[in-house]
Amino acid sequence: MRKAILRRLLLSGAIISLFAAPLSATEEYYTVQAGSYPSITEAEKCYKDLIGSLTEEQRDHLRIELVKGYYTVRVGRFDQIEPARKLLESVRKGYGSALILKAYIKEERIKKIYRREAAAEARPEEPVQPAPEVAVAETPLKEAAPAEETAPLKPPEGPATTPAPVTKKEAPEEPGIKKKEEAAARRGEAPEEGWGVGFPIVILAVLFLLVLVGATHRRITSFLGERRLPWFIGLNRWNETYPLYPDMVQDIDPRYAARNLREKFSSIIEEADINKLPAQVKTDLLKESSLSIHETLESVGGKLSSPTAVLGDLTLSDGFRLLTEAYVKGDVEIGDAVTIRSLAADGEIRTGKRLRVLRWMDSEKNVTIEEESNLGMSVTAEEVLLLSRGCLFKVIYGKPVRTYSYSKETDTGEPDEDIVLLSLEDMDVPIKPLKNRIWFTKEELIIPSGVRVFKNLVTTSNLTVRSTSVIHGYLKAHKNIFIQDNVTVKGDVTAYNDLYIGKNVHVEGTIYSRGRTYLDRGVRIGKAEETVSLFSLRSIEICEDVEIFGLAFTKGVGRII
């Protein structure tokens with residue numbers, strides 16, 4: 001009994017610490033991302049374009065955020081995805097690669113923001129200047145300005161009013177209170193009186209009692225085993241830093257960076273007056289202010305550091321370092337141990353061994369990657385992307401992606417039509433039919449070998465599909481999923497933990513895994529007429545003779561083994 005009470009006291013302390021954290025750090029919203037840029041100048045151009053193309057209502061929460069070194073332009077803050085989709089249609093009229101994200105909105109990374117209620121007073125395209133009314137009475141205005149430089153760059157939230165002057169003697173005594181009063185005055189609000197200390201104490205006491213008596217507990221599964229946790233923690237059990245949801249397949253464009261580079265370099269080439277090649281073209285579209293244009297280019301040793309466009313073929317010798325953005329209209333031949341920052345090609349790309357991609361590489365045709373290569377942030381192809389043993393990746397995309405020793409003769413076809421049709425009476429665990437389309441159970445679910453199931457299968461435990469079975473629906477498990485050899489799944493596969501897919505399995509839908517994913521030899525994902533996606537939060541391991549029609553993405557490390 002004492003141990004139980006002590007455990008609940010410790011748990012209550014954890015809950016109190018959760019509520020003490022800022023609410024904005026734990027809430028996620030649907031938002032539309034128009035673009036992501038290495039410089040704030042490009043981001044501000046996109047920001048101004050959206051102000052001109054969107055309605056006043058649609059501009060709400062238009063902002064520039066600094067995320068992992070890139071200036072991203074985002075707009076909107078929605079609890080539901082439907083209004084975000086409507087806004088996405090408007091944004092894509094000017095920015096075709098815009099997508100929907102579910103992300104945190106953090107004040108500390110916002111560099112510029114537009115809010116509807118401030119539009120009448122502050123022009124969103126310019127930083128908001130400090131209000132002269134709140135400056136110290138005896139201090140010149142230009143001395144008060146530096147104090148505003150450390151504040152977040154955002155417009156005030158309401159009509160400004162003139163507060164009472166503050167003397168120099170008063171300001172040092174209560175700086176925190178004075179700053180709050182000045183901020184409230186700029187927003188046209190009365191000074192905040194606050195709740196005092198009594199109200200938080202009451203709230204914490206109520207939470208402590210609820211945890212102590214266990215009134216709001218429910219049983220859920222955690223990685224430590226069966227635990228009893230409050231319902232408000234249980235609801236967020238599966239929320240990850242990068243949430244997975246089915247609509248991401250439609251919203252993500254893995255080739256966005258390459259499309260953007262092609263458009264930018266092509267416009268520079270078309271507008272340039274070139275009489276002789278190679279040529280150096282001045283431009284305001286690049287940070288380096290100039291673009292090197294070549295008819296063909298064959299580099300032997302050394303490195304290239306200035307933005308480059310090649311109208312023909314490009315050849316890079318062993319050990320060469322391409323430390324800039326490059327656009328090639330022809331084919332690309334790459335030697336061993338070459339380093340590439342960013343490369344977009346209209347022709348085919350063929351690499352040597354031990355390639356190192358710093359950011360991304362893309363082709364409008366086929367891409368062939370040799371052994372022991374590190375593919376950086378992404379490698380994508382409009383046609384076939386062929387990967388050799390030992391390649392590491394984060395994002396790969398192709399139509400399709402294939403691994404070494406690929407064979408068209410690999411048999412992943414369905415078994416004969418006369419295989420056994422599985423019924424509820426054949427199952428060893430209690431199953432609850434839902435809407436005549438779903439079989440649901442809280443027990444470990446095992447589908448026997450050599451059967452056909454015309455249902456969607458859902459379990460809060462592990463799920464196993466034994467060999468040569470056919471599932472005409474989706475699979476979802478709150479723990480692990482094991483799909484044995486020669487199985488066909490017509491729908492999506494969602495595992496809240498790890499996912500193992502055996503030899504010669506064919507999954508026609510999209511795969512989501514919040515743990516690790518392993519694809520054995522001969523696996524086929526998707527089909528030629530419809531691209532799908534493979535999302536795995538922790539890692540992906542792919543064996544030989546695997547084919548994926550679409551995108552494979554992991555936040556951890558992907559390996560070709």
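Biologist: In this predicted model, where is the place of Pro278?

Modeller: The peptide bond that runs from Leu277 to Pro278 is cis, with omega near 0°, whereas most peptide bonds are trans. As for its place, Pro278 sits in the loop between α9 (256-271) and β8 (279-282).

Biologist: And in which strand does Pro400 lie?

Modeller: The bond from Lys399 to Pro400 is also cis, with omega near 10°. Pro400, however, lies in a strand, namely β22.

Biologist: Is Ile396 buried or exposed?

Modeller: Ile396 is found in strand β22, which covers residues 392-403, and it touches residues including Leu375, Val379, Gly550 and Leu551, leaving aside those up to four places away in sequence. Since a residue counts as buried under 20% relative accessible area, and Ile396 has 0% relative accessibility, Ile396 is buried.

Biologist: Within what arc do the buried residues of α2 fall?

Modeller: The buried residues of α2 are Ala43, Cys46, Tyr47, Leu50 and Ile51. An α-helix has 3.6 residues a turn, so residues three or four places apart point the same way. Seen down the axis of α2, its buried residues therefore line one face of the helix, falling within an arc of 145°.

Biologist: Which residues are exposed on the other side of α2?

Modeller: The buried residues of α2 pack against elements including β1 (28-37) and α3 (81-91). On the other side of α2, the exposed residues are Thr41, Lys45 and Gly52.

Terms used: Residues are numbered from 1 along each chain as its sequence is written. This is a predicted model: local features need pLDDT of at least 70, side-chain atom pairs count only at pLDDT 80 or more; totals for chains, interfaces and linings use all residues. Side-chain values use heavy atoms; hydrogens and water are left out. Buried means under 20% relative accessible area, exposed over 50%, partly exposed in between (1.4 Å probe, protein chains only). Helices (H or I, at least four residues) and strands (E, at least two) are DSSP runs, numbered from the N terminus. The arc is that of the directions from the helix axis to the C-beta atoms. Contact means heavy atoms within 4.5 Å.
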